[in-house]
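Please look over the model below with the aromatic side chains in mind. My notes follow it.

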Amino acid sequence: MKKQTEAPQIRTVQDAYSSKIELAYNGSREDLEPYVPADHRPLESNTSSFGALAHLLKASLGSGVLAMPLAFKNAGLLVGTIGTFLIGFICAHVIHVLVKTSQQLCVEVKKPCLGYADTCDLVFQNGPKPVRKYAPFARELADWALAVTHLGACCVYTVVIAESFKQVSDVYGGPKWSVTAYCMLTLVVLIPLTQITKLKYLVPFSALANFVWLASICISIYYCLRDPPKISERNLATSITGLPNFISTSLFAMEGIGVVMPVENEMTKPHHFLGCPGVLNIAMSAVAVLYGFVGFAGYLNYGEEARGSLTLNLPQDEVLAQIAKILVACVMLLSFALVYYVPVDVVWRRVQDKIPARGHRWGIAALRFTGTILIVGIASAIPKLELFMELVGAICLSVMGLLLPAIVETIWRWGRDLGPFYWILWKNCLIGIFSVIAMVSGVAYSIITMLEKL
């Protein structure tokens, strides 16, 4: 005889209707209905599909857009244009498979939402037996890749701030200090700003930065289109040795995988994130078009003189150009604390249990202070903006943005569904090989360039 707690078998609509009474006594509806993660998300997760699109565009259209002329300088107009859309497609695809895997995993483990590191950890835990022991390593790799990526971005911000203020100071008769000295001066603002521990207190700074950022981009594009040279005066393609730096810089500029999972986790209708057109496809299409346009226009106008930030190429003798440089510097200052929040959180979660509870306040303050000094110190020691972008893109974003999502999808689908002729396995192998080649060659060429310029 069956146990009374067992849910009745449902074959017809009438059976389903009549089973409601029996379920009240003998079972739970959860035994019959699939788990829907969105129905169990906290009330704070109330972001609409349009709001998620706005957040994703805001996160993706960051400092990287002004670095695209540098990427085009390493590839040429034609190769750069094709490469930008190709890398944009690859980035969109790996984000798609990561989010889809996370959503399917949420249903299986009955979790309302999962972050990047959580997804990597649980996929390994629920994967084939030989890989389960690597779950802690996968979590650590995802966390630290995210942290180092944001630390590298903070170094880039510091150098842009310093170089922008130096150029303006040189034009208007200020002190003739080096970029290193201006990097150290940023500590006057960054130290108190990075002591803000609550994200809600950073919202006004972020909102202001959005308007300032838009104005600076518009000014930069105006100078690119004002009097451009002929296309024939620029390289359509460069040597193959420039491709690693192009890929690294483009990955740094376009890859927004670190913010994708938080955005998706806050949506009331996460199924709108993927699909066609979907939030992700719309956002990445807009990003690829804008980045390709800025890269093309910037390299066309400034050629081999293209810098790591487009504003650094603007004329020295025009007030509007100097305003754009100041605006970008202010945006970087306002955005620094928000970007810095990620690595601090990763480190603090690993050290807080070793500090007595009564010392947590001073501990987090000391961690934020030390980290800020370290970032500015690195930026001061190597004030070459291009090197930071290429190294961060080559190391961290090749791993976090390409390799890990491919591995995660492969493990999740192993023994389930790898597609006809195992095409998903072969596809992810190609992505993995591409990421490793991009990482190794990008790091090698960055180090060679660093040794030549220092």
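Predicted model: local features only at pLDDT ≥ 70, side-chain atom pairs only at ≥ 80, totals over all residues.

1. Residues are numbered from 1 along each chain as its sequence is written, and side-chain values use heavy atoms, with hydrogens and water left out.

2. A nonpolar patch on the surface is formed by V171, Y172, Y222, V319, L320 and I323, with about 550 Å² of accessible area together. Helix α14 (residues 319–351) gives the most to this patch, with three residues. Y172 lies in the loop between α7 (135–171) and α8 (179–185). Y172 counts as exposed because its relative accessibility is 52% (exposed is over 50% relative accessible area, buried under 20%, partly exposed in between, with a 1.4 Å probe and protein chains only).

3. The whole structure holds three aromatic pairs (ring centres of Phe, Tyr and Trp, the last by its six-membered ring, within 6.5 Å; planes under 30 degrees apart are stacked, over 60 edge-to-face, the rest tilted). One of them, W177 with Y182, is tilted, at 5.8 Å centre to centre and 55° between the planes. W177 is partly exposed at 43%, whereas Y182 is buried at 8%.

4. Y222 and Y223 form an edge-to-face pair, with ring centres 5.2 Å apart and planes at 65°. Y222 is partly exposed at 41%; Y223 is buried at 4%.

5. The charged end of R416 sits over the ring of W412, 3.9 Å from its centre (the criterion is NZ of Lys or CZ of Arg within 6 Å of the ring centre and within 35 degrees of the ring normal).

Note on methods. Patch = residues over 30% accessible without salt bridge, like charges linked within 9 Å, V, L, I, M, F, W, Y side chains within 5 Å. Areas by Shrake-Rupley, 256 points an atom, 1.4 Å probe, with all protein chains shown as cover. Salt bridge = Lys/Arg side-chain N within 4 Å of Asp/Glu carboxyl O. Helix = DSSP H or I, 4+ residues; strand = E, 2+ residues; numbered from the N terminus.
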